[in-house]
Amino acid sequence: MTTTLIRNGLVLTLAEGGKPLPGHDVLLKDGKIAEIAPGIESEGVDEVIDAEGMIVMPGLVNAHIHTWQTGLRGLALDWTATNYFRAMHAGLAGFFTPDDIRIANLVGALNQINNGVTTMVDWHHNNPTPDHSDAAIDGLEDAGIRAMFLHGSAKPDPKPGQKHFSEIPMSRSEVERLRNGRLSSDDAMVTMGMAILGPQMSVEEVVLEDLGLAKDLDLVTSIHHSGAKMPAPEGYVRAAEAGLIDRRVNVVHGNELTDRDLDILVDNGATFNVTAEIEMQICYGDLLAGRLIERGVPFSIGTDIESAYAPDMLACTRFTLQAERHLTSMRHKDKTGERPHPQPVSVRQALNWATIEGAKLARLEKRTGTLEVGKAGDVILVRANDLNMSGAFDPHNAVVGYANPGNVDTVIVQGVVHKRGGRMLRADIPKLQEALATSGRRIFEEFKERAATAEFA
């Protein structure tokens with residue numbers, strides 16, 4: 001493993017209580033952060049990166065993304081929830097081969113690196129066969145990103161005589177195959193979790209069986225909760241009574257959770273993820289973020305579906321911050337008749353959503369999410385002297401308020417440089433882009449020709 005010295009940057013560790021460190025160096029050795037200080041000696045260092053004029057900070061964490069949809073970019077931007085569930089899950093998903101999954105995950109993960117993301121949580125719910133799951137993991141591993149692969153379940157319309165997907169628990173044998181095989185290590189670059197249907201998408205028996213499997217195998221377990229109608233209205237209550245809700249359980253969206261269910265989840269240590277753009281597009285209600293902030297509960301954020309809009313975590317952070325500021329401020333004004341002062345939601349909170357809180361969701365906070373000695377060398381350099389960022393008074397505000405992927409100069413994951421000087425270092429990206437486009441076109445054409453739900457796209 002090479003030794004890399006990042007020299008003379010403005011370091012944002014984002015550690016608790018940490019302040020900006022101008023003119024500091026970061027030494028990476030054997031994939032980990034060995035030292036953060038000014039004037040670190042360069043003797044014996046394999047590579048020196050000049051970070052003058054740049055902000056050096058932890059890599060971003062995209063804590064909720066459906067990377068398998070990368071080849072269908074732009075398809076869902078005008079969609080409602082009805083379009084999405086009928087066209088995507090009951091239609092397009094069924095036309096993916098394992099090769100389609102692999103190229104989507106590979107290109108999607110490389111794009112995350114290009115955008116400044118060093119860790120992603122891949123919510124994979126298009127895996128009708130073991131080969132599909134393996135292909136998804138292959139893509140993540142090939143990209144070189146740090147990732148948690150959340151094993152989900154496909155949701156096609158049932159054929160005559162088949163059960164509805166809401167009545168089918170996750171396959172124990174398939175989850176055990178991965179957990180006891182290629183994803184057995186929680187220290188690997190790609191680790192494992194589960195993406196279960198949960199009380200809003202499955203019956204109570206399935207909820208308890210899936211959560212029980214996750215507990216047996218000690219897996220982070222993420223649940224979509226995107227509506228008030230629930231096949232298992234007592235699901236969270238029963239799960240808590242059975243001791244199946246703790247910090248391993250993560251709820252995505254959650255805007256329409258009842259106060260009772262939200263309190264049960266909070267009291268038992270569950271984590272939460274907000275995906276503001278898609279929630280606002282397809283009518284999932286006011287963001288859960290405000291209710292969590294009122295309770296003093298932190299949360300992570302993610303970009304969600306690749307098919308709807310750019311999975312840009314810098315834009316996601318800014319969008320989520322401003323959306324929640326608006327909602328929080330309007331609630332305050334409705335109660336008091338006055339606009340709030342001071343600002344009720346801060347930039348530093350937003351940076352935590354996009355870094356350490358995502359790491360906590362994936363149980364990776366001891367490895368990534370902040371720059372601290374002993375943690376993994378997951379580092380990005382953002383050019384603060386670019387035209388759109390120069391003159392910014394505060395580096396935290398510069399990143400959240402002004403930065404875009406074009407300002408991301410360098411991306412390092414586990415000490416390995418993947419992007420340098422604003423360019424990805426992988427030579428086969430044009431070939432991969434062509435393969436992705438070919439895959440997406442074929443899937444869409446077959447769907448339009450053969451799917452019963454083709455009218456929804």
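# Questions on a predicted model

Biologist: Where is Leu14 found?

Modeller: This is a predicted model, in which local features need pLDDT of at least 70, side-chain atom pairs count only at pLDDT 80 or more, and totals for chains, interfaces and linings use all residues. Residues are numbered from 1 along each chain as its sequence is written, and side-chain values use heavy atoms, with hydrogens and water left out. Helices (H or I, at least four residues) and strands (E, at least two) are DSSP runs, numbered from the N terminus. Leu14 is found in the loop between S1 and strand S2 (21-29).

Biologist: Is Leu14 buried or exposed?

Modeller: Leu14 is not a glycine, yet has a positive phi of about 60°. Buried means under 20% relative accessible area, exposed over 50%, and partly exposed in between (1.4 Å probe, protein chains only). Leu14 has 6% relative accessibility, so Leu14 counts as buried.

Biologist: What is the relative accessibility of Asn8?

Modeller: Asn8 lies in strand S1 (residues 3-11). Asn8, also not a glycine, has a positive phi of about 60°. Asn8 counts as partly exposed because its relative accessibility is 33%.

Biologist: Which residues does UniProt list for "domain: Amidohydrolase-related"?

Modeller: UniProt positions are given in the numbering used here, feature names are shortened, and annotations may be inferred rather than shown by experiment. The UniProt entry is unreviewed, and for this domain it lists residues 55-416.

Biologist: How many Å apart are the end C-alpha atoms of residues 55-416?

Modeller: Over residues 55-416 the chain is 37% helix and 17% strand.

Biologist: Which are the edge strands of the open sheet of 9 strands?

Modeller: Two strands pair if DSSP finds at least two bridges between them. The open sheet has parallel pairing and runs in the order S13-S12-S11-S10-S9-S8-S7-S6-S14. The edge strands each pair on one side only, and they are strand S13 (300-301) and S14.

Biologist: Which residue in S7 does Asn62 stand opposite?

Modeller: Strand S6 (residues 60-66) pairs with strand S7 (residues 117-124) in the parallel sense, over 4 bridges. In S7, the residue opposite Asn62 is Met120.

Biologist: Which residue in the hairpin of S16 and S17 takes a positive phi near 50°?

Modeller: Strand S16 (residues 408-413) and strand S17 (residues 416-420) form an antiparallel pair over 3 bridges, with Val413 and Val416 as bridge partners. The hairpin has 2 residues between the strands, and the residue with the positive phi near 50° is Gln414.

Biologist: Which residue in S18 does Lys419 stand opposite?

Modeller: S17 also pairs with strand S18 (residues 423-424), in the antiparallel sense over 2 bridges. In their hairpin, with 2 residues between the strands, Gly421 takes a positive phi near 60°. Opposite Lys419 stands Met424.

Biologist: Which residues that line the largest pocket are the closest to its centre?

Modeller: On a 1 Å grid over the protein atoms alone, a cavity is a set of points where a 1.4 Å probe fits but cannot get out, and a pocket is an open set with protein on both sides within 12 Å along at least five of seven lines; lining residues have an atom within 4 Å of a point. Grid points are joined across faces, edges and corners, and a volume is the space filled by probe spheres set on the points. The largest pocket holds about 870 Å³ of space. Of its 39 lining residues, the closest to the centre are Pro128, Ser153, Ala154, Lys155 and Pro156.

Biologist: How many charged residues does the lining of the largest pocket have?

Modeller: Ala, Val, Leu, Ile, Met, Phe, Trp, Tyr, Cys and Pro count as nonpolar, Asp, Glu, Lys and Arg as charged, and the others, Gly among them, as polar. Helix H3 (130-143) and strand S9 (190-196) each supply at least two residues of this lining. By class the lining has 17 nonpolar and 15 polar residues, and the number of charged residues is 7.

Biologist: What is the volume of the largest cavity?

Modeller: The structure holds 3 cavities of 30 Å³ or more. The largest cavity is lined by 15 residues, with Tyr84, Phe85, His224, His253 and Tyr284 nearest its centre. The space in the largest cavity is about 130 Å³.
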